[in-house]
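Keep the viewer open as you read.

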Amino acid sequence: MKMHQIPVIDIAPFLQGDPEGRRQVAHEMNRACEEIGFFMVKGHGVAQDLIDETYRTAEAFFHLPLEEKLTIRQPAPHISRGYTPLAGESLSASLGEKAPGDLKEMVDMGPIDVPGGEYYSRPEAANHFEPNLWPAQPENFRPVMERYYRRMNRLANDLMAIFALALDLPEDFFFDKIDKSLSALRLICYPEQKEPPVPGQLRSGAHTDYGTLTILTSNRAVGGLQARHRDGYWVDVIPEPGCFVINIGDAMQVWTNDRWVSTLHRVVNPPAALSGDAGSARRQSLVFFHQPNYDAVIDTLASCYGPGRPKRYDPITFGEHWTRKWMATKTTPAVQPMAA
Ligand SMILES: O=C(O)CCC(=O)C(=O)O
Ligand SMILES: [Fe+2]
């Protein structure tokens, strides 16, 4: 059966530990990852209050005047921290497709609770552990975002254990590749569109995510997320209340030699008739990109290649893969830096 909709998977039977339930959850996830690379999870155990508080805190930040938001502006293109104003990134450029900047503004945060030490100061670690930039307003921004980041990391670790089972590996197979993860939390606001987009301009251009998996929550505004099925058509990803939308990223596709698909996705513009209608066209999302350690080598799993099925990818460290992708997407700044 083809997946014309994104499947919903209840992971409670996995988290509760009953062996039959664990196998069933892993089986469903394998199917979703083979066919469409997207699924929704329920039974994940994350408190709705935490999700709501994080969403509201992000919303309060985006409602601040631009000058205020620019106080934590991304310091340089190679540093994935801080605020990026409208059209400051073009995601389709990560796949070599030139397009105008995406119609979104965002805040990027990286690893928290970094212990420090030799591993974190090697030349290859450069840029991956930059300090986060915290705004003065809203006042609770930092504790809320740190709490959300930690909880998402825990959920991602649970999902990676399910992925290992789904690939017939020991449950802890991925742990030493993600225990110093480069995961990133990104808050995105796609404002209502008062002016029509220029040709080729989307809310987010078509791209794949770079890491292992992405955990997304968003409102249900029109002008939403679409995932491209392996058979070539676009499927609307409509979030179910209480569920997270999960998609897998490039690292899983390389590890599995294309058995699992790092699905192309994009965020489309709202219909012109709704332009300027703030109530229904503003989209906001909280996106947690789970990403391996910078020195984790992403190399095809032994079970995914062999006679008649050659390796399709050369091994690469995650740090190198991420840097290539990230740097390709940076556009010329749309807003001039403020005068000193
Ligand atoms: O905001 C969304 O729904 C998706 C964003 C996304 O795909 C990304 O930033 O990688
Ligand atoms: Fe994405």
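Predicted model: local features only at pLDDT ≥ 70, side-chain atom pairs only at ≥ 80, totals over all residues.

Aspartate 108 stands opposite arginine 186 in S5. Strands here are DSSP E runs of at least two residues, helices are H or I runs of at least four, and both are numbered from the N terminus. S4 and S5 pair in the antiparallel sense, with 5 bridges between them; two strands count as paired once DSSP finds at least two bridges. S3 also runs antiparallel to strand S4 (residues 105-109), joined by 3 bridges. Glycine 82 has aspartate 108 as its bridge partner in S4, and threonine 84 has methionine 106.

How many of the residues of S4 are buried? The count is 5 of 5, where buried means 20 or more other C-beta atoms within 10 Å of the residue's own, exposed means 12 or fewer, and partly exposed is in between, with C-beta atoms placed from the backbone. In a regular strand, side chains alternate between the two faces of the sheet. For S4, Glu105, Val107 and Met109 are buried on one side, and Met106 and Asp108 on the other.

## The whole sheet

Zooming out, the open sheet has 8 strands with mixed pairing, in the order S1-S2-S10-S7-S12-S5-S4-S3. Its edge strands, S1 (8-10) and S3 (82-84), each pair on one side only. Twist averages 25° from one strand to the next, using lines fitted to C-alpha atoms (for helices, over the stretch in contact) and angles from 0 to 180 degrees between N-to-C directions.

Helix H2 (residues 19-35) packs on the sheet and touches S1, S2 (38-42) and S10 (244-248), with its direction at about 160° to that of S1. Contact means C-beta atoms, placed from the backbone, within 7 Å. Helix H6 (residues 141-166) packs on the sheet too, touching S4, S5 (184-190), S7, S10 and S12, at about 130° to S7.

## Around ligand 1

The shell (C-beta atom, placed from the backbone, within 6 Å of the ligand) includes Ile188, Ser204, Asp209, His265 and Ser285. Strands S7 (213-218), S11 (265-267) and S12 (283-290) each give two or more residues to the shell.

Residues are numbered from 1 along each chain as its sequence is written, while chains are lettered from A and ligands numbered from 1 in written order.

Mean pLDDT (the predictor's per-residue confidence, from 0 to 100) is 93 for the chain, with 94% of residues at 70 or more. Residues 334-340 fall below 50. For the complex, the predictor gives an ipTM of 0.99 and a pTM of 0.95.

Conventions
Contact = placed C-beta atoms within 7 Å.
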